[in-house]
Amino acid sequence: MSTPTDEQDQGVWLTQEAHDRLRAELEQLVASRPAMAKEINDRREEGDLKENGGYHAAREEQGKAEGRIRQLTDLLRKARVGEAPTTATNAAVGTVITIAFDGDEDDTERFLLGSREIAGTTDLTVYSPESALGAAIVGAEPGSTVTYQAPNGKDISVKVLAIEPFTA
């Protein structure tokens, strides 16, 4: 059984730019439904459905589009649109975090903690607060060390070097 994360409780933080981009994508996908349905009907009329590759491809594309529509609808329904925090004393959604991997202070990484959907609006790498690193680092302060488990099962420790507000 999973427990809800803060992001699920509070909604997903998005910049206005990311929200507008996702809303436009959703509107485009919804608007293309009639054309997609016509394509499926046209392919259905070509004959035997068992061997009709065009029909099956059109149905698969429709399934992908409907899945994305559901995902975007849910994301936009939960979205908290606004500016990133103006001050940052600990790691939170909307902050840019600089970390160093334990044992190698020269190996640093700078990333935004937020929704992966923001990635299209910034050059920064974006980690979700639901990711292994994101979940471990939420609430951390500069100078603290956190440990998280990588997908391969290995524990990785990182030191938080700096936290700053995100600016687009």
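Helices (H or I, at least four residues) and strands (E, at least two) are DSSP runs, numbered from the N terminus. Counted that way, the chain has 5 helices and 7 strands. Read from the N terminus on, these elements follow the order α-β-α-α-α-β-β-β-β-α-β-β. A word on the source: this is a predicted model, in which local features need pLDDT of at least 70 and side-chain atom pairs count only at pLDDT 80 or more, while totals for chains, interfaces and linings use all residues. Residues are numbered from 1 along each chain as its sequence is written, and side-chain values use heavy atoms, with hydrogens and water left out.

Now for the chain as a whole. Of its 168 residues, 35% count as buried; buried means under 20% relative accessible area, exposed over 50%, and partly exposed in between (1.4 Å probe, protein chains only). The chain exposes about 10000 Å², and carbon and sulfur atoms supply 47% of that area (Shrake-Rupley method with a 1.4 Å probe; for residues, only the protein chains shown count as cover). Contact here means heavy atoms within 4.5 Å. Among contacts between residues at least 6 apart in sequence, 55% join residues at least 24 apart.

Next comes a pair of helices. Two packed helices are described by the angle between their axes and the distance between the axes. Helix α2 (residues 16-31) packs against helix α4 (residues 53-78) at an angle of about 145°, and their axes are 10 Å apart. The axes are lines fitted to C-alpha atoms, for helices over the stretch in contact, and angles run from 0 to 180 degrees between N-to-C directions. On the α2 side, the residues that meet α4 include Leu22, Leu26 and Leu29, and their counterparts in α4 include Ile69, Leu72 and Leu76. Sorted by class, this contact has 9 nonpolar, 2 polar and 3 charged residues (Ala, Val, Leu, Ile, Met, Phe, Trp, Tyr, Cys and Pro count as nonpolar, Asp, Glu, Lys and Arg as charged, and the others, Gly among them, as polar).

Then there are the aromatic rings. The structure holds 1 aromatic pair. Phe111 and Tyr127 make up this edge-to-face pair, at 4.7 Å centre to centre with 85° between the planes (rings of Phe, Tyr and Trp, its six-membered ring, pair if their centres lie within 6.5 Å; planes under 30 degrees apart count as stacked, over 60 as edge-to-face and the rest as tilted). Phe111 sits in strand β4 (residues 104-113) and Tyr127 in strand β5 (residues 125-127), so the pair ties together parts 16 residues apart in sequence. Phe111 is buried at 0% relative accessible area, whereas Tyr127 is partly exposed at 23%.
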